[in-house]
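Hi everyone, thanks for coming.

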Amino acid sequence: MTTGFELNEKLPTDLKKVTPFVEQVFRKILTLTRTKEEIFKIKLALEEALTNAMRHGNALNPDRHVKVQIKADRKQIILDVHDEGKGFDFQSLPDPTERDNAAKPSGRGVFLMRSIMDTVEFYDNGSGVKMIKKFS
Amino acid sequence: MGLDISIDTKENGVYVVFPKGEINTQTHQILEDRLKDIVAKARAIMFEMGGVSYISSMGLSAIFRIKLAMEERGGTIALVNMQPQVQLVFDTMKILSPQMFASLTEADDYLDKFLNGVQDGTIKPREPLE
């Protein structure tokens, strides 16, 4: 196993780029932990953050980019995803577990991220999110 | 990893869907496109989820849209045999809990009761959500 890795990427807004990038990170995470549940949660949180950044932040505008910074060692992984949108009110999202909100297109990804990561902090009015997962 | 889908007809109007792979940002549309014609005519769809190793919120949304479309026509869905990580995602979101089953037998029982209820009029189609 390696001692850690750092990754700085600027992705174009293209949903087709999400899965290949997540898979690239997934392979690097495998060098730090073999715990299936941790790997699954990190992969899911990264996909949700990237998808939100492209769909809601950058409004699928192909001229905008998503900046991703990842820093990982044997103790934890820090994922930082920043879009070029105007942000959103991350404190008043509808609860996606309520039946009436279940069909709404937003809120589910943020809810999942908050549920599966140890720390989730939005900044720059919600156009950036920093997430931390500690390895067991 | 991509997504492969095979479909069996169990009985008249009841289909069993076997997704294999990941239901994510890239593949969720494959699932919706593949089931479009079936959703328009099925009484019930059972998803045998044992081959699904990963699902994201886009995948959840796809399955939830299928559920809503089925319920608006007086149909239903059932999800069975999920891998633990996939189960965790569904459990977190709660919205499909009544339709999740550990075994095919349990799912069959649910579908039988549901379809009998539709037939005798005790279960009605649900009003569309706004």
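**Starting with a buried helix**

Let's begin with α2(A), where 17 of the 22 residues are buried, so this helix is largely enclosed by the rest of the structure. By buried I mean that 20 or more other C-beta atoms lie within 10 Å of the residue's own; exposed means 12 or fewer, partly exposed is in between, and the C-beta atoms are placed from the backbone. Helices here are DSSP runs of H or I with at least four residues, strands are runs of E with at least two, and both are numbered from the N terminus.

Quick housekeeping: this is a predicted model, where local features need pLDDT of at least 70 and side-chain atom pairs count only at pLDDT 80 or more, while totals for chains, interfaces and linings use all residues. Residues are numbered from 1 along each chain as its sequence is written, and chains are lettered from A and ligands numbered from 1 in the order in which they are written.

Back to α2(A). From first C-alpha to last, this helix reaches 30 Å, close to the 32 Å expected at 1.5 Å a residue; that expected span is 1.5 Å times one less than the number of residues. Just after α2(A) comes A:Ala59, with a positive phi of about 50°.

So what does chain A have in the way of a sheet? There's an open one of five strands, in the order β1-β2-β3-β5-β4, with antiparallel pairing. Two strands pair if DSSP finds at least two bridges between them. β1 (4–12) and β4 (119–123) of chain A sit at the edges with a single partner strand each, so one side of each has no neighbour in the sheet. From one strand to the next, the twist averages 10°.

Zoom in on β4(A) and β5(A), residues 128–134: these two pair in the antiparallel sense over five bridges. A:Phe122 stands opposite A:Val129, and A:Val120 stands opposite A:Met131. The two strands form a hairpin with four residues between them, and A:Asp124 in the turn has a positive phi of about 50°.

Now the helices on that sheet. α1(A) lies across β1, β2 and β3 of chain A, running at about 180° to β1(A). α2(A) packs on the sheet too, touching β2, β3 and β5 of chain A, and its direction makes about 10° with that of β3(A). Contact means C-beta atoms, placed from the backbone, within 7 Å. Angles run from 0 to 180 degrees between N-to-C directions, and axes are lines fitted to C-alpha atoms, for helices over the stretch in contact.

Where do the chains meet? The contact takes 21 residues from chain A and 18 residues from chain B. On the chain A side, α2(A) gives the largest share, seven residues.

Over in chain B, α1 (residues 28–39) and α2 (residues 57–72) pack at about 10°, with axes 9 Å apart. That makes α1(B) roughly parallel to α2(B) (under 35 degrees is roughly parallel, over 145 roughly antiparallel, 65 to 115 roughly perpendicular, and the rest oblique). Among the residues making this contact are B:Leu31 and B:Leu35 of α1(B) and B:Ala62 and B:Ile66 of α2(B).

Last stop: is B:Pro125 buried or exposed? B:Pro125 counts as exposed, with 12 C-beta neighbours inside 10 Å. B:Pro125 lies in the segment after α4 of chain B.

Methods: Contact = placed C-beta atoms within 7 Å.
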